[in-house]
Amino acid sequence: MGLLYFKETLKYFLRSRLFISKYVKEVERLYGMSPEELRARNEKRFLEIFRLAYTKSPFYSKLYKEHGIALSDIKTLADIKKLPVVSKEMIREHPEQLLTCPKWLTWKNHTSGTTGTPLVIYESWNSIWRNQADMCCYRKYCDFSVGKDKIASMRGHLNRSETTLIVDVSKTLYLSSFNLSKNTIEEYYNQLKRFKPKAIEGYPSTLFSLCLLLKTNQLSIKIPIIFTSSETLGYGQRIFIETILGGTVFDHYGNTERTISLSERKDHSGYFERPGCSINEYFGNEIITTSLINKSFPLIRYKVDDLLTLNDEVKKEPLDPIVKSVNGRASISITGKDGTKYNAAALTYLAKSIPNIFTVQLVQEGSCGLLNINIIPKDIFSEKDQELTKKAIDEKIGLDNIDYQINVITPQELIYSKNGKLSLIVILSKGEIV
């Protein structure tokens, strides 16, 4: 416990105001820019990163020359569409080839691997500090002051051998998401009551499980601000978490690659692009992204495997809610008998269309196999609820296109990934998550 306390204390110190103050000032200026000013700034930053990548990165130098692109061909931000799209598969084998500086000057990191083999990326300290400053500014926008206000965190910092840890310098109470159960809920509740956090952060699934256990055990606590990220936030999850904790959820969508950063507006009208973080090109509900933060490991026109729903009207105002909802990963899908794939973006409808569902998890045995519709209901799951579920399946998949079974389960029967995340869709092969 002493080593972990030291590690988290040092991590906070290295990302404290002592190191990030100039980046905070930069981000605050970006928040105050008009759309025209921000576009001009982003164009300048993009051209700097493109030219650095072209001349210093072996990967981009080779890629662009193979596509007949000269350094002088890219003069404005509008020229970005001339550049080829970069996929995870293209950079997975030799990520060092993307670097524009010596590897020892960067920090090695990995993506979560929920869409396949984890991807190695490299971050400079400048990009780490810039990202931390961005987080501080957004939380200030949500009326939370990092380092001054208390926060409880349930984001996997503690493993199964630890339950709680308070780090004084950051005013953070860490609670293990891996030990949360009916046997530990009173301890978690007592820790939260004593600590009195202004905010709590965590995966939506973890906070949902916490709230479900609080409700089941008739324990009541109020936490005004709730930060969720790293998973798709379901409609039912949001309502339930806000009801039990008596607070307001602010959701964030980003990726470990730092190529996109979207945060929920205070009025909950949608997600805005955090200013100056990236250039995002939207094609339907797919995204091509370009990081403006990490020039040491540039990702230019990088395809993200998640799905978004755009707002119908964009007024081109500061912090405009461009994205209506974040719908999850494109690569995980249910397969019908006819071979049609149904992704999470479409199947979130199941949870929204049945009032008596707290959460639902769709578990399919292999390709085109039996679909188990595992439901945690708010109350007794009635015959009417069964019919509403069948109707929802019929509308989205077709009752004749899938073999299915509706199951009422307990929270303990939900299937989590190895890193403790909960997905709407789970594909199993011989009992193991694919």
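Visitor: Which residues are buried in helix α4?
Guide: In helix α4, which spans residues 58-66, the buried ones are Phe 59, Tyr 60, Ser 61, Leu 63 and Tyr 64, where buried means under 20% relative accessible area, exposed over 50% and partly exposed in between, with a 1.4 Å probe and protein chains only. Helices (H or I, at least four residues) and strands (E, at least two) are DSSP runs, numbered from the N terminus. This is a predicted model, in which local features need pLDDT of at least 70 and side-chain atom pairs count only at pLDDT 80 or more, while totals for chains, interfaces and linings use all residues. Residues are numbered from 1 along each chain as its sequence is written, and side-chain values use heavy atoms, with hydrogens and water left out.

Visitor: And what do the buried residues of α4 pack against?
Guide: They pack against α3 (35-56) and α5 (88-92), with contact taken as heavy atoms within 4.5 Å. Just after α4, Gly 68 takes a positive phi of about 70°.

Visitor: Which residues other than glycine have a positive phi?
Guide: Among them are Lys 196, with phi near 55°, and Gln 218, with phi of about 55°. Lys 196 is in the loop between α7 (185-195) and β6 (199-202), whereas Gln 218 is in the loop between α8 and β7 (225-228).

Visitor: Is Gln 218 buried or exposed?
Guide: Gln 218 is exposed, because its relative accessible area is 74%; Lys 196 also counts as exposed, at 65% relative accessibility.

Visitor: Switching to Ser 209, where is it, and why does it count as buried?
Guide: Ser 209 is in helix α8, residues 204-216, and it counts as buried because its relative accessible area is 13%. Its side chain is joined to that of Tyr 416 by a polar contact of 2.9 Å, a term for a pair of N or O atoms within 3.5 Å; within protein, one must be able to donate a hydrogen and the other to accept it, and residues adjacent in sequence count only if both atoms are side-chain atoms.

Visitor: What else is Ser 209 in contact with?
Guide: Leaving aside neighbours within four places in sequence, Ser 209 is in contact with Leu 180 as well as Tyr 416.

Visitor: Which charged residues lie over ring faces?
Guide: Arg 139 lies over the face of Phe 227, at 4.2 Å from the ring centre, and Lys 150 lies over the face of Phe 195, at 5.0 Å. The rule asks for NZ of Lys or CZ of Arg within 6 Å of the ring centre and within 35 degrees of the ring normal.
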